[in-house]
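Trainee: I'd like to go through some of the labels used for this model. Could you set each one against its definition for me?

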Amino acid sequence: MRRFLPLLLSISLACLGTLFLLAVAVSDAHAQTSTLPAQQVGGSVALTFDDGPSTFTPQILNVLQQSGVRATFFEVGQQVQARPGLTQEAYQAGDVIGNHSWSHPNLTLLTPSQVQGQLSRTSAAIQQATGVSPTLFRPPYGATNTTISATAEQLGLRPVLWNVDSLDWERPGVNAIVRNVLSTANNGSIVLMHDGGGDRSETVQALPQIIAELQQRGFVFVTP
Ligand SMILES: [Zn+2]
């Protein structure tokens with residue numbers, strides 16, 4: 001039941017919002033001839049892509065560029081080292097590059113000095129590729145603790161998790177990925193997707209629909 005409460009709350013709020021808009025539309029009928037549809041709620045959403053860069057990154061960049069949308073890429077250091085040109089390309093397109101550790105371990109199982117190495121090595125690789133050291137950090141699997149957060153802060157990295165999971169890594173099909181995002185996206189959402197770590201062709205196909213619908217709802221795209 002607990003997992004349905006936020007949904008029920010969202011539905012209730014959406015209904016209240018609709019009633020409010022209807023009330024405004026009725027009371028204001030003479031003042032203005034056009035009223036925004038109820039679903040055009042506006043607000044901001046951050047699209048984030050983890051585990052790259054990979055061979056799928058150029059396709060993601062292409063979709064983003066065609067939609068005029070910028071996103072955040074939490075990159076794995078050893079992937080950056082293997083494909084620094086893709087990191088540079090994303091950065092030059094206006095996207096933000098964040099640190100996602102060197103080899104994607106569960107950082108909570110490492111010693112403090114190992115964590116330090118995972119983060120500092122990755123920041124150095126990103127700096128080498130883009131000329132700029134990252135300021136955002138996402139721990140692999142979202143697994144973190146106070147020691148990891150403190151280490152990140154010492155390196156000038158702000159931890160960023162997510163609150164909307166596309167579950168694209170499960171490869172559930174394009175429609176499911178679209179639905180997973182659009183059913184929960186709201187003002188302030190940070191959406192987790194992946195441009196690396198496996199076959200991301202479903203993510204590539206889902207992305208144009210996700211962006212188009214969020215734009216239709218009036219959201220703007222931001223960096224977390
Ligand atoms: Zn990851």
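Trainee: What makes strand 2 and strand 3 a pair?

Mentor: Two strands pair if DSSP finds at least two bridges between them. Four bridges join strand 2 (residues 72-75) to strand 3, and the two run parallel. Thr72, for instance, stands opposite Val96 in strand 3. Strands here are DSSP E runs of at least two residues, helices are H or I runs of at least four, and both are numbered from the N terminus.

Before we go on: this is a predicted model, where local features need pLDDT of at least 70, side-chain atom pairs count only at pLDDT 80 or more, and totals for chains, interfaces and linings use all residues. Residues are numbered from 1 along each chain as its sequence is written.

Trainee: Why are helix 7 and helix 8 called oblique?

Mentor: Angles, from 0 to 180 degrees between N-to-C directions of axes fitted to C-alpha atoms over the stretch in contact, are roughly parallel under 35, roughly antiparallel over 145, roughly perpendicular from 65 to 115, and otherwise oblique. Helix 7 (residues 174-182) and helix 8 (residues 201-216) pack at about 40°, with axes 8 Å apart. Helix 7 and helix 8 are therefore oblique to each other.
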